[in-house]
Amino acid sequence: MTVRGKIFMAMGVLVMLVTAAYIGTTQGYLGSLFARYVPEGSGGGLEGLEGLSKYVLGEMKLKALMVTLFVACAVVILGYWLSGLIIHPLHKLIAVMRKVADGDLTTEVPIKRKDEYGQVGEAFNSMTHQLREAMDLRKRLVEDIAHELRMPLSFNPSWS
């Protein structure tokens, strides 16, 4: 699962928990209030209050559903934006890593941040710098060895 997917899943679970808590507390509280002051099946002209109780509890369910849908939409938008903030620097780093893997050791990660992503970028740039130096050293060593191997064959001072 991708980082963005994990963020969406965590936010979805959070929405469900908050919604369940909201519905449970409001429904429970209002239900207990109506149960205390309007006992079910009580006679004496309280039928209107029982209808009011059912209406209010029904409206609360509708409001809870609307709040849930609103919060879910807000969480989707916020989650998409937040996950983009988190993974955007990683996409840049991955693109540079692919170039280095293809042999382009001159590529560097542009560092504009001071957080963990900036630290990773600095470490990666340091690593590619060390690789460039090692490749240059290896190239010079091979050139020197090749030169030394050719030199005795082409010139010998004792032949003069």
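Predicted model: local features only at pLDDT ≥ 70, side-chain atom pairs only at ≥ 80, totals over all residues.
**Exercise 1. List the elements of the chain and describe its contacts.**

Solution. Step 1. The chain has 3 helices and 0 strands, in the order α-α-α from the N terminus. Helices (H or I, at least four residues) and strands (E, at least two) are DSSP runs, numbered from the N terminus.

Step 1. Among contacts with a separation of 6 or more, 64% join residues 24 or more positions apart. A contact means heavy atoms within 4.5 Å.

**Exercise 2. Which residues make the nonpolar surface patch of about 560 Å²?**

Solution. Step 1. The patch is made by Met1, Met9, Val13, Met16 and Leu17. Patches consist of residues with over 30% relative accessible area and no salt bridge; like charges are joined within 9 Å, and nonpolar side chains (Val, Leu, Ile, Met, Phe, Trp, Tyr) within 5 Å.

Step 1. Val13 counts as partly exposed because its relative accessibility is 40%; Met16 counts as exposed because its value is 57%.

Step 2. Met16 and Thr68 are 52 residues apart in sequence, with 8.2 Å between their C-alpha atoms.

**Exercise 3. Locate the salt bridge and its partners.**

Solution. Step 1. The structure holds 1 salt bridge, defined as a side-chain nitrogen of Lys or Arg within 4 Å of a carboxyl oxygen of Asp or Glu.

Step 1. The partners are Arg132 and Glu108, whose closest N and O atoms are 3.4 Å apart. Arg132 belongs to helix 3 and Glu108 to the loop between helix 2 and helix 3, 24 residues apart, and the pair links distant parts of the chain.

Step 2. Glu108 is partly exposed because its relative accessible area is 42%.

**Exercise 4. Is Val109 buried or exposed?**

Solution. Step 1. Val109 lies in the loop between helix 2 and helix 3. Val109 counts as buried because its relative accessibility is 12%.

Step 1. Not counting residues up to four places away in sequence, Val109 touches Leu93, Val96, Gly121, Phe124 and Asn125.

Step 2. The C-alpha atoms of Val109 and Met97 are separated by 8.7 Å; for Val109 and Ala95 the distance is 9.2 Å. Ala95, in helix 2, is partly exposed because its relative accessible area is 39%.

**Exercise 5. Which helix gives the most to the lining of the largest pocket?**

Solution. Step 1. The largest pocket has a volume of about 260 Å³ and is lined by 16 residues, of which Pro89, Lys92, Pro110, Arg113 and Tyr117 lie nearest its centre. On a 1 Å grid over the protein atoms alone, a pocket is an open set of points where a 1.4 Å probe fits, with protein on both sides within 12 Å along at least five of seven lines; lining residues have an atom within 4 Å of a point.

Step 1. Helix 2 (47-101) and helix 3 (116-154) each supply at least two lining residues. Helix 2 gives the most, with 7 residues.

How values were computed
Residues numbered from 1 in each chain as written. Heavy atoms only, no water. Areas by Shrake-Rupley, 256 points an atom, 1.4 Å probe, with all protein chains shown as cover. Buried < 20%, exposed > 50% of the residue type's maximum accessible area, 1.4 Å probe, protein only. Points joined across faces, edges and corners; volume = space filled by probe spheres on them.
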